[in-house]
Amino acid sequence: MTASAPLHEIRNEPALFATILELIRRTSTQLPDDVVSAITAARKNEAAGSNADVALDVIGCNIGLAQTNSLPLCQDTGTILFYVHAPAGYDQIELEETANEAVRQATKTGYLRQNSVDSVTGKNSGDNTGPGSPVFHFHQWREAHVEVKLVLKGGGCENMNAQYSLPHPDHGGRDLKGVENAILDAVLQAQGQGCGPGILGVCIGGDRATGYEHSKQQLLRKLDDHNVNPELDTLEQDIVGTANKLGIGPMGFGGKTTLLGTKIGVLNRLPASFFVSVSYMCWAYRRQGFTLDTDGKIGKWLY
Amino acid sequence: MTKLSFPFTEEKIRSLKVGDEVLITGTLFTGRDAVHKYLHEGGKLPAGVNLKDGILYHCGPVVIKDERGNWKCTAAGPTTSIREEPYQWQVIRDFGLRGVIGKGGMGDKTLQACKEHGCVYIHAIGGAAQVLAQCIKRVRNVHMMEQFGAPEAIWEFEVEDFPAVVTMDSHGGSLHKEVFAASQAELAKYV
């Protein structure tokens, strides 16, 4: 029997540390173009001089300052979520160790706040590492290259996530109308708290854990993309349309810009369960990513 | 735009109304989850921290030491205030606060304490950590760093023209209550 060659042999090289550190820096200090465009467009809808207009103006200035000075957009640099796709044979352990080192260094440099607290003792680890921090999601795929994406999700918006079990006496049954009502309730409840205008990642179905997880992964989509399912695409747009008529506005100050986008994914469910999981993301929608080619060099930046 | 400068007298604070945009100049102390729980449970303020006629900022900043060993605040937006709702009324009453800066607004207990004791809730723009850090001209001191960790410590900031909006005043007005009621009524048309 002949030994089969490894499927892929992407080697991590010393540059990987610097690359991941740069990923963290970019994610913490620069918003992706699709997010900046959406915020810029939203300001035109608000009455000049209103509290909402002033809020969006400050947000715009903040985006510029953070990028120019290479400093965190928001002091809450959030949960550190890595999403990695790699071919079989790629050393995931080494990537995780390298990323942990990069996170420690980024905390020292000030791209990340000291954000990892022992839930029993209350002690801050001081370097953002510890049980469950950072978070890694590894997936194998049949592509030849590696893809690393990073999302920083602040605690203010994370606290506004919500999960509904349908049927629900206030929101409706196990259909898309029930789903829509549940999502709109989440928007109502999140007002002011989650640093709107917000972006929703939603999952219909799954169990309580996978539903939340899948809803968060919807935040990897770009704001200007379209759902491949035409029914869900319509639902995504309807939710944004309705939410922006509620008068909640940026920061909950009142106004027309409550949501910048909604992205909906679907998982199968048990016959007994019907969960709608909503991950609320603040306007400081920090995500970035890169690909690594088979020579271990950066292929491209993803957002 | 109203300039609000130290000392934050009751008269100045009582003159503020919901919707007023303010630029704050003076000393701010930060305090968030750990500090509120600590004070609520009878903890003493450390020497050097005086909240009388002062403004407390719900903020967990990014602060680093520069090459000369001085603190430098590099990001300092507000954190969500509602978590302090069980404690805030008491901190306003017992320590003589005239203002609380945060985001998202607070509830009835805090609103009542603002009315009784002459205090306002001032909303900074959430996430605007750079704009707000630029208003911090000096980090004067830090307290309880060892006990609570950097984000939860009491930082003493000297700020200049720190922009924010009054969303709960000392006359029972709350923008948060207004917007919630109106948006809830509007949503009822669609569901």
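Modeller: Happy to! Let me begin with pLDDT, which is the predictor's confidence in each residue, on a scale from 0 to 100. For chain B the mean pLDDT is 96, and 100% of its residues reach 70 or more. The model as a whole scores ipTM 0.91 and pTM 0.93. Since you will be finding residues by name, note that they are numbered from 1 along each chain as its sequence is written, while chains are lettered from A and ligands numbered from 1 in the order in which they are written. This is a predicted model, in which local features need pLDDT of at least 70 and side-chain atom pairs count only at pLDDT 80 or more, whereas totals for chains, interfaces and linings use all residues.

Now to the core. In soluble globular proteins, nonpolar side chains tend to be buried together. A nonpolar core here is a set of buried Ala, Val, Leu, Ile, Met, Phe, Trp, Tyr and Cys residues joined through C-beta atoms within 7 Å. A residue is buried if 20 or more other C-beta atoms lie within 10 Å of its own, exposed if 12 or fewer, and partly exposed in between, with C-beta atoms placed from the backbone. By these rules, the largest nonpolar core has 137 residues, and those with the most contacts inside it include A:Ile24, A:Ile59 and A:Val276 from chain A, and B:Val120 and B:Leu132 from chain B. Strand S9 of chain B (residues 154-168) gives the most to this core, with nine residues; helices (H or I, at least four residues) and strands (E, at least two) are DSSP runs, numbered from the N terminus. On the side of chain A, the core draws at least three residues from each of domain 1 (15-30 + 73-154 + 285-301) and domain 2 (156-281), where the bounds come from an automatic or database domain assignment.

Two residues are in contact if their C-beta atoms, placed from the backbone, lie within 7 Å. Leaving aside neighbours within four places in sequence, A:Ile59 is in contact with A:Ile39 and A:Trp283, and also with B:Ile125, B:Gly127 and B:Ala128.

Within chain A, the centres of domain 1 and domain 2, taken over C-alpha atoms, are 26 Å apart. Nine residues of domain 1 of chain A are in contact with seven residues of domain 2. Strand S1 (79-86) and strand S3 (146-153) of chain A each supply at least two residues of the domain 1 side, and S3(A) gives the most, with three residues.

Helix H2 of chain B (residues 33-40) has B:Ala34, B:Val35 and B:His36 as its buried residues, and what covers them includes helix H3 (85-95), H6 and S9 of chain B. H2(B) is followed by B:Gly42, whose phi is positive, near 95°.

Finally, a few backbone details. Most residues other than glycine have a negative phi, and most peptide bonds are trans. A:Asn128, in the loop between H4 and S2 of chain A, has a positive phi near 70°, and it is buried, with 23 other C-beta atoms within 10 Å. B:Met144 also has a positive phi, about 60°, and lies in the loop between strand S8 (136-143) and helix H6 (145-148) of chain B. With 19 C-beta neighbours inside 10 Å, B:Met144 counts as partly exposed. A cis peptide bond joins A:Ser133 and A:Pro134, with omega about -10°; A:Pro134 sits in the loop between helix H4 (92-109) and strand S2 (135-140) of chain A. Another cis bond joins B:Phe6 and B:Pro7, with omega about 0°, and B:Pro7 is found between strand S1 (2-5) and helix H1 (10-14) of chain B.
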